Amino acid sequence: MKDIHRREFLNLLTSGAAIGMLSGFASGCSKQPKKTGGNRKPNILFLFTDDQRFDTIHALGNKDIITPNMDSLVQNGVSFTRAHIMGSTVGAVCAPSRAMLLTGRILFHVPVGIIQPSRVPESERFKCPYVTFPELFRNEDYITFGTGKWHNGSPLFAKGFTTGANIFYGGMSNHLKVPVHDFDPTGEYPKKKRYIREKFSSELFSDAAVEFIHEYNDDNPFLMYISYTAPHDPRMAPQKYKDMYNPNEIDLPKNFMPEHPFDNGELKIRDEKLAPFPRTPDIVREHIAGYYAMITHLDEQIGRVLKALEESGHA
């Protein structure tokens, strides 16, 4: 997303013409739209998945995967099928991708302090000179709710959100033992207040969202930001969803090779160690099946949020 003046950005959103620009799964939902200066202000639902490939939605051409709720968003909205990440300046692609999304800046214009705080002096860590999009909505009298993964430092979360629940500060975790914080209006999130929630991550974050939706009775519109950690590994979908995919029936990628064809200087780091080398067709199919199972489980949890919006009248 290129740099956009805050008023132009708000006008674009409130026009109802381009709610889908926020993400592949963004959805504009209005509850008796409130008029301000002639503009109608919609509620905004932002759904963010972690490490989900572009080709893992049934409606966009993947015949092997089951994603009815994402399919519905595709069929009732706009899909960007030629969007790409810019890569990363650090080992993880996640933190800079999120920083770009939050600020509207390209990779090399994003502050290092919210990507890799250890590379800057302590006084500069987590500082951001730009207004993030949650902060933009908060400044326009939106109630801003956040749940799930936040990988750019708690100070930036505190600036953008007026409320939240089940907030995970970090890159990855066991999906059944997620270290979370409760929302703290002071903006302080020390490790001593972190605790483990023993429930699958996708369910945990959807629970928080559904509760917020059903209890919401404010006159102001809301921005709800739900950032799932699935389908990021470890691959540990509930058995019900694993049983939906037979590895023997999964198509092997056309570019499958047992080993990378040349040494790029960093061939066997964290992600690459999830399976042994040389790769075999069977182990690759097994991993893809587990990955699809996590996405189908995630899709069902997204469906719970969409259903809650309908039932509550906020849609």
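How much accessible surface does the protein chain have, and what share of it belongs to carbon and sulfur atoms? The accessible surface comes to about 16400 Å², and 50% of it belongs to carbon and sulfur atoms. Accessible areas come from the Shrake-Rupley method with a 1.4 Å probe, and for residues only the protein chains shown count as cover.

The structure is a predicted model, in which local features need pLDDT of at least 70 and side-chain atom pairs count only at pLDDT 80 or more, while totals for chains, interfaces and linings use all residues. Residues are numbered from 1 along each chain as its sequence is written, and side-chain values use heavy atoms, with hydrogens and water left out.

**Whole chain**

Begin with a cartoon of the protein chain, which shows 8 helices and 7 strands. Helices (H or I, at least four residues) and strands (E, at least two) are DSSP runs, numbered from the N terminus. Colouring by burial comes next: of the 315 residues, 45% count as buried. Buried means under 20% relative accessible area, exposed over 50%, and partly exposed in between (1.4 Å probe, protein chains only). Among contacts (heavy atoms within 4.5 Å) with a separation of 6 or more, 61% are between residues 24 or more positions apart.

Select Pro134, which lies in helix 4. Pro134 is buried, at 0% relative accessibility. Apart from neighbours within four places in sequence, Pro134 contacts Leu102, Thr144, Gly160, Phe161 and Leu223.

Next, select Lys159 and Glu135, which form a salt bridge with the closest N and O atoms 3.8 Å apart. This pair links distant parts of the chain, from Lys159 in helix 5 (residues 154–160) to Glu135 in helix 4 (residues 133–139), 24 residues apart. Lys159 is partly exposed at 35% relative accessibility, whereas Glu135 is buried at 13%.

**Other salt bridges**

A salt bridge is a side-chain nitrogen of Lys or Arg within 4 Å of a carboxyl oxygen of Asp or Glu. The whole structure contains 10 of them. One to display is Arg53 with Asp55, where the closest N and O atoms are 2.9 Å apart. Arg53 has a relative accessible area of 45% and is partly exposed; Asp55 is also partly exposed, at 31%.

Move to Asp207 and Lys199, whose side chains meet in a salt bridge of 2.5 Å, N to O. Asp207 is partly exposed at 22% relative accessibility, and Lys199 is partly exposed at 32%. Then select Asp50, Arg98 and Lys149 together, as these residues are linked in a network of salt bridges.

Asp233 is buried, with a relative accessible area of 6%. Leaving aside neighbours within four places in sequence, Asp233 is in contact with Met172, His175, Arg270, Asp271 and Leu274.

**Helix 8**

Gly313 follows helix 8, and its phi is positive, near 90°.
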